[in-house]
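Open your viewer and get ready to select residues. Each stop says what to pick and what is there.

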Amino acid sequence: MMKILAVIFDLDGVIVSTDEFHYQAWKQISNQEKIYFDREINERLRGVSRMESLEIILSHSDKKYSEKDKQLLAQRKNEVYCDLLNKLSPNDILPGVINLLMNLKAKDIKIAIGSSSKNTPFILEQIGLSSSFDAIADGNSIMNSKPDPEVFLLAAGKLGVAPEECAVIEDAQAGIDAAIAAGMKAVGVGTAASCVNAHLKLKDLSNLNIDQLLNEIRS
Ligand code: B16
Ligand code: MG
C-alpha cells in the first residue's frame with residue numbers, strides 16, 4: 001500500500017469557483033458572434049483549456065474562423081474574464097479549503113496546484129494564496145491539457161514525489177481522467193463526485209476528516 005505524500009489541487013472548481021465568470025465571459029463573446037451558448041455547454045468547458053473551450057463553442061456555429069480569428073476571440077474572452085476576476089477576494093475560497101491546506105501542512109504532506117488555467121498566478125493572488133503551495137503547475141507551463149496527465153506529472157516532478165504517492169482533488173471529469181492517467185489517486189468533488197472512475201467522491205471539502213481521506217485513497 002503506497003503512502004500519500006502529496007496532494008495536488010485543481011484550482012477552478014476546487015479552491016475557488018470561477019465557472020460563473022467563465023460562463024459570463026464566453027456568453028458575451030458568443031452573443032457578439034451570434035453563436036448559441038448556454039450553461040449546459042458551459043459545463044463541458046470545466047477543466048478544458050481556453051482554446052479547446054473555444055473550439056467547443058465554435059462547433060455551434062456554421063461560420064469558418066481562421067486561426068487568427070480564434071486567437072482574437074480567445075483574447076477578447078480572456079479580457080472580459082480577467083475584468084471579472086478583479087472581483088475575486090479571499091472570501092471566495094471554497095468551504096473547507098483553508099482547513100484542509102492547514103491540516104495537510106501539519107502532517108508534512110506537500111501541496112501543489114495542478115490547473116489548466118493560464119490565469120492561475122492572478123487568481124491565487126486575488127484570493128491571497130500565492131505563497132501557500134509547495135509547487136504550481138498550470139496552463140502556462142504545459143503543452144497538453146487535461147485529460148492528458150502532463151500538468152499533474154509536472155506538479156509531482158516539481159515536488160519531487162512519485163506519481164503513485166500523489167492524490168489529486170478535481171471537479172472535472174477531464175481532471176479525474178488526467179489524474180488516473182498519471183497513476184495518481186483521484187478525488188472527485190462537486191460535479192466530479194459523479195465520476196465513476198474517481199477513487200473517492202465528495203460533495204465538497206467541508207467537514208473533511210483528513211485521516212479518513214488519506215486512508216481511504218491509500219487502499
Ligand atoms: P484560462 P482548472 C480550467 O481551470 C477551467 O476549469 C476551465 O474552464 C478553463 O477553460 C481553463 O482552466 C483555462 O482557463 O482561460 O484561465 O487559461 O479547473 O484546470 O483549474
Ligand atoms: Mg477545475
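Select Arg50, Met51, Leu54, Glu55 and Leu58 in H3. Contact here means heavy atoms within 4.5 Å. By type, the residues of this contact divide into five nonpolar, two polar and three charged. Ala, Val, Leu, Ile, Met, Phe, Trp, Tyr, Cys and Pro count as nonpolar; Asp, Glu, Lys and Arg count as charged; the others, Gly among them, count as polar.

A note on the model: it is predicted, local features need pLDDT of at least 70, side-chain atom pairs count only at pLDDT 80 or more, and totals for chains, interfaces and linings use all residues. Residues are numbered from 1 along each chain as its sequence is written, chains are lettered from A and ligands numbered from 1 in the order in which they are written, and side-chain values use heavy atoms, with hydrogens and water left out.

Now show residues 50-58 (H3) and residues 67-85 (H4) as whole helices. Helices (H or I, at least four residues) and strands (E, at least two) are DSSP runs, numbered from the N terminus. At what angle do H3 and H4 pack? The angle is about 105°, and the axes are 10 Å apart. Axes are lines fitted to C-alpha atoms, for helices over the stretch in contact, and angles run from 0 to 180 degrees between N-to-C directions. H3 and H4 are therefore roughly perpendicular, a label for angles of 65 to 115 degrees.

Next, select ligand 1. An oxygen atom of ligand 1 is 2.9 Å from an N or O atom in the Asp10 side chain. A backbone N or O atom of Gly47 is 2.8 Å from a ligand 1 oxygen atom. For the side chain of Lys146, an N or O atom is 2.8 Å from an oxygen atom of ligand 1.

Stay at Lys146. A cis peptide bond joins Lys146 to Pro147, with omega about 15°. Pro147 is in the loop between strand E3 (135-137) and helix H7 (150-159).

Note on methods
Parallel < 35°, antiparallel > 145°, perpendicular 65-115°, else oblique. Polar contact = N/O pair within 3.5 Å; in protein donor to acceptor, adjacent residues only side chain to side chain.
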